[in-house]
Amino acid sequence: MSKLPKVAVVILNWNGRFFLEKFLPSVYNSSYPNIEFVIGDNASDDDSILFVKQYYPTITILENDKNYGFAGGYNKVLERVDADYYILLNSDVEVSQNWIEPVVAYMESNPNIAAAQPKILSFHSKEKFEHAGAAGGYMDYFGFPFCRGRILHEVEEDHGQYDQESEIFWASGAALFIREKAWKEANGLDEDFFAHMEEIDLCWRLKKMGYAIGYCPTSVVYHVGGGTLNASNPKKTYLNFRNNLVMLQKNLPLGKAIWIIFLRLWFDFAALMKFLIDRKPKDAWAISRAHQYFFLNIFKNARKRKKYQATENQKGLYNNSVIIDFYANNKHKFSQLNPKDFK
């Protein structure tokens, strides 16, 4: 029997003693034999690292000198980790013993799969999918990400309707399996994103390199979600709107990027007005600040555009608008979308 590939489970921590105490036991009890556990710390000022050193002395701890966010934090940590596969795992995720084996076997069966995710259910409502990833990520024509099992704020119950291994557009950063080789080829995450959508940008770049992104439903994890920034936080609003525009500029063909971003600014303006109507001025201001950042850094981000030799893998793109489908056509479930509109 050939040796199993080495897997490094890497949890990025920032003042996360509560989540480490609650969820690290399940991760530490993973049954995969060729494994290393790593806690990457973004200069926490709580006692989370002391907790890990005291109760899990065999876990590798790699400390950053400051808080580099999700993107920069992982980049700095993974420079010092050697494994065949990295698993970027949020600290607020509960796993089962054999959650790793199915995904690794799935990826080993197809060398072109650069990254993959398990089925992600809600920790607090385990019969439902979790917002950040659900049963795999997709992208609509205007650059709005959505998932099988979650469109906008509408989350489905899991009835086994998405229990087929499948190719997707992006895999969730809550539990992201990625080959070390692919990570290095793509130069990791874009550190300017700080947090939110950085994994979508990474997956998009991998697909532009010709790789596939996969979903493995026989592995199931349970995600709390919103552990660092909850859904109503204006900073999260800012990062999501800002990073989405930057991602489109970086990854779309130039002509299409100009057209789509022009339209997206109008979508964003509608969202800004909705926040004002709902008496959420801080979120409205966050969208305005996101646009200011985008235009002030437009030349910097233009330099990040790259030409790839491979033919882009467009599997998982939805050639329509989930926003229009959701609000105008009352399509709130993935199964209600027209299959012919998917590439």
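1. Basis. Because the model is predicted, local features need pLDDT of at least 70 and side-chain atom pairs count only at pLDDT 80 or more, while totals for chains, interfaces and linings use all residues. Residues are numbered from 1 along each chain as its sequence is written, and side-chain values use heavy atoms, with hydrogens and water left out.

2. Domains. The protein chain is assigned domain 1 (7–223) and domain 2 (234–309); such bounds come from an automatic or database domain assignment. Taken over C-alpha atoms, the centres of domain 1 and domain 2 are 25 Å apart.

3. Domain interface. Contact (heavy atoms within 4.5 Å) involves 20 residues of domain 1 and 24 residues of domain 2. About 2100 Å² is buried between domain 1 and domain 2, and carbon and sulfur atoms give 60% of that area. Buried area here is the accessible area (1.4 Å probe) that two parts lose on being put together, summed over both.

4. Salt bridges. Five salt bridges are counted between domain 1 and domain 2. The criterion is a side-chain nitrogen of Lys or Arg within 4 Å of a carboxyl oxygen of Asp or Glu. K300 and D192 form a salt bridge through their side chains, with an N to O distance of 3.1 Å.

5. Strand β13. Helices (H or I, at least four residues) and strands (E, at least two) are DSSP runs, numbered from the N terminus. Strand β13 covers residues 212–223, and nine of its 12 residues are buried, so the strand is largely enclosed by the rest of the structure. Buried means under 20% relative accessible area, exposed over 50%, and partly exposed in between (1.4 Å probe, protein chains only).

6. Partners of β13. Two strands pair if DSSP finds at least two bridges between them. Strand β6 (residues 113–122) pairs with β13 in the parallel sense over nine bridges, and I113 stands opposite A212 in β13. Strand β5 (residues 93–95) pairs with β13 in the antiparallel sense over three bridges; V95 has V221 of β13 as its bridge partner. Strand β11 (residues 166–168) is also antiparallel to β13, over three bridges, with I168 opposite I213.

7. Cysteines. The whole structure was searched for disulfides (a pair of cysteine sulfur atoms within 2.5 Å), and zero were found. The sulfur of C147 has its closest cysteine sulfur in C203, 11 Å away, which is too far for a bond. C216 is in no disulfide either; its nearest cysteine sulfur, that of C203, is 15 Å away. C147 is buried, at a relative accessible area of 0%. C216 is also buried, at 0%.

8. Helix α6. 11 of the 11 residues of α6 are buried, so this helix is largely enclosed by the rest of the structure. G210, with a positive phi near 95°, follows α6.

9. Most residues other than glycine have a negative phi. F194 is not a glycine, yet has a positive phi of about 65°. F194 is placed in the loop between α5 (180–185) and α6 (198–208) and is partly exposed, at 28% relative accessibility. H196, likewise not a glycine, has a positive phi of about 80° and lies in the loop between α5 and α6. The backbone at F194 and at H196 may be worth a look in the structure above.

10. R264. R264 is found in helix α8 (residues 254–277) and counts as buried, at 2% relative accessibility. Leaving aside neighbours within four places in sequence, R264 is in contact with F142, G143, F144, N244, L245 and L248.

11. F295. Helix α9 (residues 281–296) contains F295, which counts as partly exposed at 48% relative accessibility. F295 and A186 are 109 residues apart along the chain, and their C-alpha atoms are separated by 25 Å.
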